[in-house]
Amino acid sequence: MDLYSGDFNKLIDELAALPGIGNKSAQRLAFYIIGMSEARVDRLAQTMVKARKSVHYCRCCQNLTDSDLCPICASPRRDHGTIMVVETPQDLAAYEKTGKYEGVYHVLHGAISPMMGIGPADIRLRELLDRIRAGGAEGGKPVREVIIATNSSLEGETTAMYISKLIKPLQVRVTRIASGVPVGGDLENIDEVTLLRALEGRQEM
Ligand code: ZN
């Protein structure tokens, strides 16, 4: 017997399909939403629809933004000759939180994984090469260094090696963050001191 109405069950199902939300949490949220005023539910729904529509990848670094260029790429205070390559926007956020990195980024949105059938064409790699070949970032300054900060998982290391081989012939210094980052650990879960140490201890590839 269905305990609740079809619409209510549908709401629970939709919420439960989100990452990190189990059935219990989905029920709790569904009850909460039903208890909210209609105006608030409307605002929440509209915010989701609007964000989904307006947020896209930055033209330059592929980070999420709702303008043409993200604030980092648009900033004249950043060093546009140094590009740190990360797997996800969350990794970028982790490095930004340290407040010590002055260069710009490139977000791959994944890593190469032959096991999962994810090849170089499935991540935002071509955009990185185009960017370096075009004489660098916004402002037309040449890229001096590419810091590869992919995870220290098998996929992250494979990706780092692959990128290094592609970029080196372009006469750009290629470095890899130090292996102070735990193996397989997502960068976003690592504390700022460890991240800074990994960045400072980066080595030529
Ligand atoms: Zn950007």
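Let's start with what helix α8 packs against: its buried residues sit against strand β3 (79–86), helix α5 (89–98) and strand β5 (145–148). Please keep in mind that this is a predicted model. Helix α8 covers residues 192–200, and the buried positions in the helix are T194, L195, L196, A198 and L199.

Let me stay with one of those partners, α5. How do α5 and α8 pack, in angle and in axis distance? The angle is about 95°, and the axes are 9 Å apart. An angle from 65 to 115 degrees counts as roughly perpendicular, so α5 is roughly perpendicular to α8. On the α5 side, the residues in this contact are A94, Y95, K97 and T98, and they meet E192, L195, L196 and L199 of α8. Sorted by class, that contact has 5 nonpolar, 1 polar and 2 charged residues.

Now for another helix pair, α6 and α7. Helix α6 runs over residues 126–133 and helix α7 over residues 154–167. Here the packing angle is about 30°, with 11 Å between the axes. Angles under 35 degrees count as roughly parallel, and therefore α6 and α7 are roughly parallel to each other. The crossing of α6 past α7 is right-handed. And who meets whom? From α6 we have L128, L129 and I132, and from α7 they meet I163, L166 and I167. The class breakdown for this contact is 6 nonpolar residues, with no polar and no charged ones.

Helix α1 spans residues 6–16 and helix α2 spans residues 23–35. They pack at about 130°, with their axes 8 Å apart, and the two helices are therefore oblique to each other. Their crossing is right-handed. The list of contact residues goes like this: F8, L11, I12, L15 and A16 in α1 meet N23, A26, Q27, L29, A30, F31, I33 and I34 in α2. By class, that gives 11 nonpolar, 2 polar and no charged residues.

Now I'd like to show you a couple of backbone spots. Which phi value does Q62 have? It is near 75°, a positive value, and Q62 is not a glycine. You can find Q62 in the loop between β1 (56–57) and β2 (64–65). Is Q62 buried or exposed? With a relative accessible area of 4%, Q62 is buried. The other spot is H109, also not a glycine, with a positive phi of about 60°. H109 belongs to the loop between β4 (103–107) and α6. H109 is partly exposed, and its relative accessible area is 22%.

Let me zoom out to the whole chain. There are 8 helices and 7 strands. The domain assignment gives domain 1 as 6–54 and domain 2 as 64–204, and the C-alpha centres of the two domains lie 34 Å apart. Along its principal axes, the C-alpha trace spans about 65 × 35 × 35 Å. How much of the chain is buried? Of the 205 residues, 41% count as buried.

Conventions. Residues are numbered from 1 along each chain as its sequence is written. This is a predicted model: local features need pLDDT of at least 70, side-chain atom pairs count only at pLDDT 80 or more; totals for chains, interfaces and linings use all residues. Side-chain values use heavy atoms; hydrogens and water are left out. Domain bounds come from an automatic or database domain assignment. Buried means under 20% relative accessible area, exposed over 50%, partly exposed in between (1.4 Å probe, protein chains only). Helices (H or I, at least four residues) and strands (E, at least two) are DSSP runs, numbered from the N terminus. Contact means heavy atoms within 4.5 Å. Axes are lines fitted to C-alpha atoms, for helices over the stretch in contact, and angles run from 0 to 180 degrees between N-to-C directions. Angles under 35 degrees count as roughly parallel, over 145 as roughly antiparallel, 65 to 115 as roughly perpendicular and the rest as oblique. A crossing is left-handed if the near helix is turned anticlockwise from the far one by less than a right angle, and right-handed if clockwise. Ala, Val, Leu, Ile, Met, Phe, Trp, Tyr, Cys and Pro count as nonpolar, Asp, Glu, Lys and Arg as charged, and the others, Gly among them, as polar.
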